[in-house]
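Open your viewer and get the selection tool ready. We will go from stop to stop.

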Amino acid sequence: QVQLVESGGGLAQEGGSLSVSCAFSGRTFSYYSMGWFRQGPGKEREFVAAVTRSGSPASYADSVKGRFTISRDNAKNTLYLHMNSLKLEDTAVYYCAAAYMYTARESGYAFWGHGTQVTVSS
């Protein structure tokens, strides 16, 4: 069974940077496309970014394009999300997820982590 554990969340200042990671275990990491989603306070969970099995190409939500970078290290079984130029509206619980096919649709993801909190303050 696939297990996903996010880490690296925390508090950042508006305009600052923060990175979160997701450790994958239980199956062969390189067999899965991976994605990041987030759920802000009082909001529904939304797509942030996705990456193919090989690490390229990647896709992003318009709200984070140019500021966030998704990457993966198949040798380390780890997914990353590097966040720059953070905005107050980036405050959310960030979830990593694994899918059999490359997709931005939440319904396409079979396995989910428990999330890590990212808070952006002014």
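This tour visits a disulfide, some aromatic rings and a charged side chain in a predicted model.

**Stop one: the disulfide**

Select Cys 22 and Cys 96. These two form a disulfide, with sulfur atoms 1.9 Å apart. A disulfide is a covalent bond between the sulfur atoms of two cysteines. A search of the whole structure finds one disulfide. Cys 22 is in strand β3 and Cys 96 is in strand β9, so the pair ties together parts 74 residues apart in sequence. Look along the S-S bond: the angle about it is 45°, and the link is right-handed. Are Cys 22 and Cys 96 buried or exposed? Both are buried.

**Stop two: a pair of tyrosines**

The whole structure holds nine aromatic pairs. Select one of them, Tyr 32 with Tyr 100. The pair is tilted, with 40° between the planes and 5.5 Å from centre to centre. Now trace the chain. Tyr 32 is in the loop between β3 (18–25) and β4 (33–39). Tyr 100 is in the loop between β9 (92–99) and β10 (109–112). The two tyrosines are 68 residues apart, and their pair links distant parts of the chain.

Show the surface next. Tyr 32 counts as buried because its relative accessibility is 7%, under the 20% cut-off. Tyr 100 is partly exposed, at 46%.

**Stop three: the cluster**

Together with Tyr 32 and Tyr 100 they form one aromatic cluster.

**Stop four: Arg 45**

Select Arg 45, Tyr 95 and Trp 112. Which ring centre is 3.8 Å from the charged end of Arg 45? That ring belongs to Trp 112, and the charged end sits over it. Arg 45 also lies over the face of Tyr 95, at 4.9 Å from the ring centre.

Key. Residues are numbered from 1 along each chain as its sequence is written. This is a predicted model: local features need pLDDT of at least 70, side-chain atom pairs count only at pLDDT 80 or more; totals for chains, interfaces and linings use all residues. Side-chain values use heavy atoms; hydrogens and water are left out. Rings of Phe, Tyr and Trp (its six-membered ring) pair if their centres lie within 6.5 Å; planes under 30 degrees apart count as stacked, over 60 as edge-to-face and the rest as tilted. Helices (H or I, at least four residues) and strands (E, at least two) are DSSP runs, numbered from the N terminus. Buried means under 20% relative accessible area, exposed over 50%, partly exposed in between (1.4 Å probe, protein chains only). A charge sits over a ring if NZ of Lys or CZ of Arg is within 6 Å of the ring centre and within 35 degrees of the ring normal. A disulfide is a pair of cysteine sulfur atoms within 2.5 Å.
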